[in-house]
Amino acid sequence: MLADAQRAVYDRDGFIVVPDVFSAAEIEELRRVTDEFVRNAASVAANDEVYDLEDTHSAVEPRVRRLKAPHLHHSAYFRASRNDKVVAILRDLWGSVRFDTGKLNMKSAGFGAPVEWHQDWAFYPHTNDDLAAIGIMLDDVDMENGPMLVVPGSHKGPVWDHHGPNGRFCGAMDPARLAQEGGDIDLSKALPCLGKAGSITVHHVRAVHGSATNFSGRERRFLLFQYRAADAWPLLGFPGGIEKFDELLLAGAPTLEPRLAAVPVRLPLPPAEHQGSIYENQRASGRRYFETAAERPVAAE
């Protein structure tokens with residue numbers, strides 16, 4: 001599924017964009033289902049097991065930041081998480097594939113919330129780092145509607161501190177403190193993941209990434225699924241037990257021999273003060289790199 005050149009870019013940069021993975025019909029169904037979830041959010045007043053809401057959400061104007069674990073709530077999302085082309089791409093990288101979980105970041109037109117700089121690895125370290133997230137573009141993504149930004153090569157660097165001023169995990173790096181941590185990373189060199197609806201991104205679990213507020217008049221809905229190699233085991237355990245863990249295997253054979261790799265690990269402990277999603281975790285970070293809709297001045301009429 002992946003060409004040699006694509007694999008080489010992924011190894012070098014820690015991310016790639018693959019066009020035309022999902023058909024127009026598949027994307028149309030995912031958009032329709034997503035619109036239904038947003039409309040139904042009018043009856044929801046606070047974050048729950050399905051919805052992560054924007055601060056400006058109301059029954060009159062429902063505003064959703066994220067759908068949590070969408071594959072558990074609709075068959076269209078479940079099918080997308082098991083898409084044959086996606087599994088083939090990951091099998092090319094690792095040889096085996098195990099599903100983890102997913103989310104749908106909405107990035108709605110004009111106010112879609114930013115995601116501060118972070119590494120997925122900080123949230124769920126494993127015995128090795130053959131893990132990646134697949135991002136499915138439900139809309140065309142350009143520089144104006146809040147694309148995901150990735151620092152190329154950062155997946156080969158350290159695991160950065162994602163703890164807040166109170167010493168608890170907060171799911172966000174502090175750009176002002178990076179130099180003090182003895183690392184060499186330049187956030188200004190981050191590259192955008194751009195593409196047409198139906199394209200996917202593949203980003204390594206250790207790649208430093210984030211995204212700005214969507215100030216454009218266009219949607220940027222991004223359906224993200226996390227995967228790992230069959231022999232990558234979560235260091236914080238799997239609460240469902242081995243049977244449930246093996247039910248997530250999509251390619252390759254189950255194993256009771258996790259592969260141990262010499263990769264940097266920093267545990268997300270003590271746990272985040274604000275639980276629920278990365279948006280909630282990052283509330284306690286005490287810093288902002290990306291401007292929010294509330295912070296942008298309103299032009300005089």
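Okay, before anything else, a word on naming: helices here are DSSP runs of H or I with at least four residues, strands are E runs of at least two, and both are numbered from the N terminus. With that in hand, P270 sits in the loop between β12 and α6, which covers 278-281. And please keep in mind that this is a predicted model.

I start with P270 for its peptide bond. The bond from L269 to P270 is cis, with omega near -10°. Most peptide bonds are trans, and most residues other than glycine have a negative phi. That brings me to two more backbone spots. A69 has a positive phi of about 45° although it is not a glycine. You'll find A69 in the loop between β3 and α3 (75-81), and A69 is buried at 15% relative accessible area. K107 is also not a glycine, and its phi is positive at about 45°. K107 is in the loop between β4 and β5 (115-118). So is that lysine buried or exposed? With a relative accessibility of 2%, K107 counts as buried.

L269 belongs to a nonpolar surface patch along with L235, L236, V265 and L267, and together they have about 410 Å² of accessible area. L236 comes from the loop between β11 (222-228) and α5 (241-247).

Now the inside. The largest nonpolar core has 42 residues, and the ones touching the most other members are Y51, L90, I136, I200, V202 and Y227. There's a second, separate core of 11 residues, and L149, V151, L187 and A190 are among them.

V86 and I89 lead us to helix α4, residues 84-94, where V86, V87, A88, I89, L90 and W94 are buried. What do the buried residues of α4 pack against? It's a list of strands: β1, β4 (97-105), β6, β9, β11 and β12 (249-251). The N-terminal end of α4 is capped by N83, with a side-chain oxygen 2.9 Å from the backbone nitrogen of K85. At the other end, just after α4, G95 takes a positive phi of about 90°.

Next stop, H204, in strand β9, residues 200-204. H204 has 8% relative accessibility, so we call it buried. Its side chain reaches the backbone oxygen of D129 at 3.3 Å. Leaving out residues up to four places away in sequence, H204 touches Y10, G14, D129, L131, A132 and H155. G14 is in the loop between α1 (4-13) and β1 (15-18), and G14 is buried, at 0% relative accessible area. Outside four places in sequence, the contacts of G14 are V9, H155, V202, H203, H204 and A207. H162 is another matter: its C-alpha atom and that of G14 are separated by 20 Å, and the two residues are 148 apart along the chain.

Last topic, salt bridges. The count comes to 20. Here's one with both partners inside: R65 and D52 meet at 2.6 Å, N to O. R65 is in strand β3 (64-68) and D52 in strand β2 (51-53), so this pair ties together parts 13 residues apart in sequence. R65 is buried at 7% relative accessible area, and D52 is buried at 0%.

Then there's D140 with K196, where the closest N and O atoms are 3.8 Å apart. D140 is in the loop between β6 (131-137) and β7 (148-150), K196 in the loop between β8 (191-192) and β9, so here the tied parts are 56 residues apart in sequence. D140 is partly exposed at 37%, while K196 is exposed at 57%.

D142 pairs with R218, the closest N and O atoms being 2.9 Å apart. This one links distant parts of the chain, 76 residues apart: D142 in the loop between β6 and β7, R218 in the loop between β10 (209-211) and β11. Both D142, at 27%, and R218, at 36%, are partly exposed. And to finish, salt bridges with shared partners join R31, D35, D139 and R221 into one network.

Note on methods. Residues are numbered from 1 along each chain as its sequence is written. This is a predicted model: local features need pLDDT of at least 70, side-chain atom pairs count only at pLDDT 80 or more; totals for chains, interfaces and linings use all residues. Side-chain values use heavy atoms; hydrogens and water are left out. Patches are made of residues with over 30% relative accessible area and no salt bridge: like charges are joined within 9 Å, nonpolar side chains (Val, Leu, Ile, Met, Phe, Trp, Tyr) within 5 Å. Accessible areas come from the Shrake-Rupley method with a 1.4 Å probe; for residues, only the protein chains shown count as cover. A salt bridge is a side-chain nitrogen of Lys or Arg within 4 Å of a carboxyl oxygen of Asp or Glu. Buried means under 20% relative accessible area, exposed over 50%, partly exposed in between (1.4 Å probe, protein chains only). A polar contact is a pair of N or O atoms within 3.5 Å; within protein, one must be able to donate a hydrogen and the other to accept it, and residues adjacent in sequence count only if both atoms are side-chain atoms. Contact means heavy atoms within 4.5 Å. A nonpolar core is a set of buried Ala, Val, Leu, Ile, Met, Phe, Trp, Tyr and Cys residues joined through side-chain atoms within 4.5 Å.
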